[in-house]
Each structure stands twice: as C-alpha cells, then as structure tokens.
Amino acid sequence: MISEQNYNKLLEKFGDISSFAIYKESKNNDKATSENISYEEAIENHQKDYINPSNIILMVNPSAKREQTPDSNFSSFHHSNINDCHLRFLTMKTSTFWRNLYGSYVTDLFSDVVESVMDNVISAVKDDNKKDYRKQSYNKLIEQLEILSQDSKEDKLNIYVCGALAKSKREDFSFFIEELLEEVSESSYLNIELNFYAVYHPGYQNLKKLIQGGCEEIVKHSMKIG
C-alpha cells in the first residue's frame, strides 16, 4: 500500500510521466489484453490496495507521444496508444516472480525523449554535451524514489530496468545506472538499499522469456545510501 499523501504527491508532480501497474481486471486474472485498460476502472475495482511502492519498473523513454486522457489519473502507461498489454505481460503472469511486480510504480528514465529506436535514444542522451540533461533526468527519478521509499515495507527498492538484458545495450545501461547512483550519493537523502535488475523489454517477442523469468542483477553489489 501507499499512503494517500504520497500517492497524491506523485500524482501532482509526476502523474503525466508515470503510473502504477494496476488494471481493471482482478490481479488473479492472467488474460493480457490492450483493450479498454483504464486506470480509473482499476481504482474502482479496488486495485489501488495492491500498489507496491517497493518495486519500480523503469522504462527507458516513451516510444510515442502520450496524449493524456481525461478519464484517468496516472494514465501515461494505460491508454491504448502505448500498448498497455506489454506491461501486463510483465506483471500478470502466474507461476513466476513476475506476479510480484503487479502494482509496481512505472516511470521512464528519460521521460522527455520520444523515440522508438533504442540506439537513437542512447546516442541522443549519452553524448558528453548531454550530461546536464542526464543529471536533470536522474534527479527527477531520484525525487520519485524518495517519495516511494517512505512507504516501502522493505528496507530496499527493487528497480527493474526494461530492455537491459540485451547484451548489446548492457554497457550503456550500466553507464546510466552508475551515473544515477553517483547523483544519489551526492544529492539525495535516500536511506534505503537500491537493487537494480535487468529484464527483457515486455514485448510480444519476449513473452516466453518473461514467463521463464528473464531477470538478473545489473549492479552486482547492493547499495545503501545514507
């Protein structure tokens, strides 16, 4: 569960770039569909009770422009233009640890970069002259983590980085995470362990891999700040 105060704080400050992985259907329903998934209907179906602020699904960037819909809060990962079923694959499968990701907080590392090709994203943000932009993005994420940490039932936050299992991208993801951790140590009051895991991007082509539990640590040492 998340406190009403922190829920509203995240909604007000980051509701246009984030969400919680809850859906209209019961959490025991394994049917993955992209049709008519509404965050507001999830709230009406009492799924807010299943929010788990200890888990964060970290996408890299939005692949398409998100047009906010008036019928829901935290709608950025739930409307039909963003392939909602991809997150369902990651959070709703039985017999694996993925079920534990239902109710996770979902956000992007680089929320202002709209691009569908990962190589273009990396080349756009990893350049030396983009260091200030990366720092701003890290601080935006850190602020979200600080809020979530206040309601974590564990003494840690588990951050699942989507797309990072691809070997060709691992070095780049590690670069971003090391920079993020450096920013945390320099400017944050976080006093909680941060664990980073690489997961397959939750697309159709990786569904079988997801069900089999494709996940591994990115940063080999857990890190507690503070």
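**View 1. Strand E4 and its parallel partners.** In this predicted model, E4 and strand E5, which covers residues 193-199, run in the parallel sense and are paired over seven bridges. Within this pairing, Cys162 is the residue that stands opposite Val199 in E5. E4 also pairs with strand E2, made of residues 55-59, again in the parallel sense, and here the pairing extends over four bridges. Leu58 has Val161 in E4 as its bridge partner. Strand E4 itself spans residues 156-162, and because six of its seven residues are buried, this strand is largely enclosed by the rest of the structure.

**View 2. The largest cavity and its lining.** The structure holds one cavity of 30 Å³ or more, and the volume of the largest cavity is about 40 Å³. Its lining is formed by Leu58, Leu109, Val161, Phe173, Phe176, Ile177 and Leu180. Which helix gives the most to the lining of the largest cavity? That helix is H6, residues 167-187, which contributes four residues to the lining. Sorted by class, the residues lining the largest cavity are seven nonpolar, with no polar and no charged residues.

View 3. By class, the lining of the second largest pocket has eight charged residues, one nonpolar residue and no polar residues, whereas the lining of the largest cavity has no charged residues.

View 4. Of the six salt bridges that the structure holds, one joins the side chains of Lys13 and Glu143, with a distance of 2.3 Å from N to O. Lys13 lies in helix H1, residues 4-14, and Glu143 lies in helix H5, so the pair ties together parts that are 130 residues apart in sequence. Are these two residues buried or partly exposed? Lys13 has a relative accessible area of 43% and is therefore partly exposed, and Glu143, at 27% relative accessibility, also counts as partly exposed.

View 5. Asp172 forms a salt bridge with Lys126, and the closest N and O atoms of the pair are 2.7 Å apart. Since Asp172 lies in helix H6 and Lys126 in the loop between helix H4, residues 118-125, and H5, the pair ties together parts that are 46 residues apart in sequence. Asp172 counts as buried at 14% relative accessibility, because buried means under 20%, while Lys126, at 24%, counts as partly exposed.

**View 6. A salt bridge between Glu154 and Lys156.** The side chains of Glu154 and Lys156 meet in a further salt bridge, in which the distance from N to O is 3.8 Å. Glu154 is partly exposed, with a relative accessible area of 33%, and Lys156 is likewise partly exposed, its relative accessible area being 23%.

Notes: Residues are numbered from 1 along each chain as its sequence is written. This is a predicted model: local features need pLDDT of at least 70, side-chain atom pairs count only at pLDDT 80 or more; totals for chains, interfaces and linings use all residues. Side-chain values use heavy atoms; hydrogens and water are left out. On a 1 Å grid over the protein atoms alone, a cavity is a set of points where a 1.4 Å probe fits but cannot get out, and a pocket is an open set with protein on both sides within 12 Å along at least five of seven lines; lining residues have an atom within 4 Å of a point. Grid points are joined across faces, edges and corners, and a volume is the space filled by probe spheres set on the points. Helices (H or I, at least four residues) and strands (E, at least two) are DSSP runs, numbered from the N terminus. Ala, Val, Leu, Ile, Met, Phe, Trp, Tyr, Cys and Pro count as nonpolar, Asp, Glu, Lys and Arg as charged, and the others, Gly among them, as polar. Buried means under 20% relative accessible area, exposed over 50%, partly exposed in between (1.4 Å probe, protein chains only). Two strands pair if DSSP finds at least two bridges between them. A salt bridge is a side-chain nitrogen of Lys or Arg within 4 Å of a carboxyl oxygen of Asp or Glu.
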